[in-house]
Amino acid sequence: MGNPQGGVKAPEPLILPHPRTCFAATAARLRALADGHPMEDWLRFMAGLAQAQHEAVASLDSLPSSDLAAVRQAVEARLPPLAADGHRRDPLWRVALKVLLHSCGGDCPDKARAVVRALRARSAGAVERLADDFLSGGVEPAEAGAALYVAAALQVYFTTLAARLPAAELRLLPERGLCPCCGSTPVAGVVTASGPTPGTRYLHCSLCATAWNHVRAVCVTCGKSRRVSLIGVEGDTEAVKAEACGDCKTYAKMLYQAKDTNVDPVADDLASFGLDVLVAEAGWRRHAPNPLVLVG
């Protein structure tokens, strides 16, 4: 709530996603970043996947909103109301997967088309088991190709559900590095450059796209601040940095709107894989993986 005397306004604790725009924005950003990039073909492929996610959103218009009483009960217990590891999925999520696979079935590499065909042929039970494996972090390397599309469809599903939650009823979790809506880890953080509270850091959920406020210069893994430092690639725009913690030896990507107003947590994370390599070679491990990059 803002100060009636005109003082500093407190940042919003969390910002729910906008499923009808967020996937399209990621696709557009990926296409822009792909030009001349060493991984141009892959980034364009991922842009196509994000565009397919955008097209799948409309297939979930009839998805019912979460029960308000259940949401309140979870919040009172300091638990995420859409807990990824315990949520009972509506079968409609597989409709989103079907739309996504149809959109991805054309202009993509031969190997990807083969994965799409095989996934279309799987039974509903087999698809649900793969979804369970993804949400529990137990995907086998041989399933990584199929899991990519399942993960993308689950992102559409959870983002749609999160957007319908009553924001005023929600609270940040005691474990501040986890999403208050679904309990997942962030894909990256964004430090704002405009709005009512510029300079605020928001972590962006890797599953439901919710953004939540997290104090800057504090490790998102262990919560310590004594040995946190920023690492970047020499000569880049400085819009993307790795915030590395010397205590727990993990890092998380941070994006700075002051350096580039167009940063997107998903797209800029994928396009800065070189930074991951640099930081990993220096001895840090990533706070949590991008769910669209399961192996390698």
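**Entry 1: α1 and α2**

I began with helix α1 (residues 19-34) and helix α2 (residues 40-57), which pack at an angle of about 165° with their axes 8 Å apart. The model is a predicted one. Angles over 145 degrees count as roughly antiparallel, so I noted α1 and α2 as roughly antiparallel to each other. For the handedness I wrote down a left-handed crossing of α1 past α2.

I then listed who makes the contact. From α1 the residues are P19, R20, F23, A24, T26, A27, L30, R31, L33 and A34. From α2 they are E40, L43, R44, M46, A47, A50, Q51, Q53, H54 and V57. Sorted by class, this contact of α1 with α2 has 12 nonpolar, four polar and four charged residues.

Next I looked up H18, which sits in the loop between β1 (14-15) and α1.

**Entry 2: nonpolar cores**

I turned to the largest nonpolar core, which has 70 residues. Which members touch the most other members? I found L49, W93, L97, Y149, L154, F158 and L207. Helix α7 (residues 144-163) gives the most to this core, with 14 residues.

Leaving out residues up to four places away in sequence, F158 touches L82, A84, H87, L135, C182, L207 and C208.

**Entry 3: positive phi**

I looked up two residues other than glycine with positive phi. R78 has phi near 60° and lies in the loop between α3 (68-76) and α4 (93-104). With 42% relative accessibility, R78 counts as partly exposed.

K249 also has phi near 60°. Where does K249 lie? I placed K249 in the loop between β6 (240-245) and β7 (250-256). Its relative accessibility is 33%, so K249 counts as partly exposed.

Technical notes:
Residues are numbered from 1 along each chain as its sequence is written. This is a predicted model: local features need pLDDT of at least 70, side-chain atom pairs count only at pLDDT 80 or more; totals for chains, interfaces and linings use all residues. Side-chain values use heavy atoms; hydrogens and water are left out. A nonpolar core is a set of buried Ala, Val, Leu, Ile, Met, Phe, Trp, Tyr and Cys residues joined through side-chain atoms within 4.5 Å. Buried means under 20% relative accessible area, exposed over 50%, partly exposed in between (1.4 Å probe, protein chains only). Helices (H or I, at least four residues) and strands (E, at least two) are DSSP runs, numbered from the N terminus. Contact means heavy atoms within 4.5 Å. Axes are lines fitted to C-alpha atoms, for helices over the stretch in contact, and angles run from 0 to 180 degrees between N-to-C directions. Angles under 35 degrees count as roughly parallel, over 145 as roughly antiparallel, 65 to 115 as roughly perpendicular and the rest as oblique. A crossing is left-handed if the near helix is turned anticlockwise from the far one by less than a right angle, and right-handed if clockwise. Ala, Val, Leu, Ile, Met, Phe, Trp, Tyr, Cys and Pro count as nonpolar, Asp, Glu, Lys and Arg as charged, and the others, Gly among them, as polar.
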